[in-house]
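Here is a short report on one protein chain. Look at the overall fold first, then at the local details.

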Amino acid sequence: MSCAKQDSQPLREGIWLAQLEVMDQELLPFNFNLKKIESGYVIDVYNAGETVQVDEIEIHNDSIKIKMPAFEGYISGTFNDSVISGEFIKESLDRIVPFHAVFGDSIRFHSSANARVNVSGIWETKFSPDSEDEYLAKGIFSQQVNKVSGTFRTNTGDYRYLEGIVDGDSLKLSTFDGAHAFLFTAKATDSSLSGTFYSGNHFKEPFTAYRNESFELADEESLTFLNDGYEELQFSFPNTDDSLISLEDSRFKEKVIVVQIMGTWCPNCLDETKFLSDYVKTKNHDNFEVVALAFEYAKTKDLAFKGIERLKSRVGVPYPILLAQYASSSKSKANEKLPMLNHVLSYPTTIFIDKKGKVRKIHTGFNGPATGQKYIDFKEDFDQYIELLLSE
């Protein structure tokens, strides 16, 4: 998948420090390791416990294009043997973030002082506090000396693998996975955090947090439900062959079905897609089906289908992904396509349907591998519930 022209100058193999220019003159750092293979180059991007493998790298003379796996975003720029300069681009959203990388720096955040606080533990967090956009999150962090890892869980999913430091009394965390470019900065005390969350260079919001080891978010199965008068889910959307698929089709009759509301642009959806794909392949249940409904911001139907095909190919998705909407990932518009739901609150949302076609449970959001024990518990609960529905 990667290629390098013979007339191109070489890139140096080893560890690099990359930085994205977000807002307020802040820099979002991450490290990657670059290796040369027979067909060109590959890159491993590091975020705490996650490694994102990138093998679609095009080089010609001093120009480089790094296409992130599964997602639309790519890095385009120029390079010499120890510097890459360019932009991180999402064409469908018209977003461009300046990008710069230097060879040989393995330190994500450089510190100027020893850590004066330890942020390990559970934090009850409010984003956009005291505003109409306020929402709750659960901060989960572990600190060793001055290095920090963890995530924020919300009612719609988690903020992925965050990695950073405590520099004196300043907390700095970042992640870059090819879709999300997140930076969190905060002033920290032993009991409070006050800071700013940056998403690329297009969005920022304040947040506050307080230690609360017993804090929990709302039950993920209480947030989305069927409106009065409905017992079933109904839809008819095209698959990648442009053939309409419905739950009325014979392949779904008298089977347990999981319907995944998702988007190919969504990292939490990618986590769930990997989990569901592995589950289908491993369990191989005769009376079990998964079908995904994709809500895409790609500007045309063809581009949306290309994104779906790319995801299916990269992950090896064994179940159909239908195009429910393109040119917008608006949740209100998604709700118009599925009016039996009280709302579409999150991508992903997972709907469990029994053999009689009745909706039995709706799970909002997805707690991925970055959430640790929460993810382990989810996998166990999912398997037990599917086995229960299959036994009926």
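This is a predicted model: local features need pLDDT of at least 70, side-chain atom pairs count only at pLDDT 80 or more; totals for chains, interfaces and linings use all residues.

Among contacts in the protein chain with a separation of 6 or more, 59% join residues 24 or more positions apart. D219 sits in the loop between β19 (203-211) and β20 (236-238). With a relative accessible area of 43%, D219 is partly exposed.

## Overall fold

The protein chain holds 4 helices and 26 strands. Its C-alpha trace spans about 60 × 55 × 35 Å along the principal axes. The radius of gyration is 22 Å; a compact globule of 392 residues would have one near 21 Å, so the two agree.

Of the 392 residues, 52% count as buried. The accessible surface comes to about 17400 Å², and carbon and sulfur atoms contribute 46% of that. Charged side chains number 41 positive and 59 negative. The centres of these two sets lie 2 Å apart.

## Helix α1

Helix α1 covers residues 267-283, 17 residues in total. From first C-alpha to last it reaches 24 Å, close to the 24 Å expected at 1.5 Å a residue. Its buried residues include P267, L270, F275, L276 and Y279. In an α-helix there are 3.6 residues a turn, so residues three or four places apart point the same way.

What do the buried residues of α1 pack against? The partners are strands and helices: β14 (157-158), β22 (256-262), β23 (288-295), α2 (301-315), β25 (349-353) and α4 (373-391). Just after α1, N284 takes a positive phi of about 55 degrees.

Most residues other than glycine have a negative phi, and most peptide bonds are trans. R160 has a positive phi of about 70 degrees, although it is not a glycine. R160 lies in the loop between β14 and β15 (162-167). Its relative accessible area is 3%; under 20% counts as buried, so R160 is buried.

A327 also has a positive phi, near 75 degrees. It lies in the loop between β24 (321-325) and α3. A327 counts as partly exposed, at 46% relative accessibility.

The peptide bond from Y347 to P348 is cis, with omega near 0 degrees. P348 is in the loop between α3 (331-337) and β25.

Note on methods:
Residues are numbered from 1 along each chain as its sequence is written. Side-chain values use heavy atoms; hydrogens and water are left out. Helices (H or I, at least four residues) and strands (E, at least two) are DSSP runs, numbered from the N terminus. The radius of gyration is taken over C-alpha atoms; the globule rule is 2.2 Å times the number of residues to the power 0.38. Buried means under 20% relative accessible area, exposed over 50%, partly exposed in between (1.4 Å probe, protein chains only). Contact means heavy atoms within 4.5 Å. Accessible areas come from the Shrake-Rupley method with a 1.4 Å probe; for residues, only the protein chains shown count as cover. Lys and Arg count as positive and Asp and Glu as negative; His and the chain ends are not counted. The place of a charge is taken as NZ of Lys, CZ of Arg, CG of Asp or CD of Glu. The expected span of a helix is 1.5 Å times one less than its number of residues.
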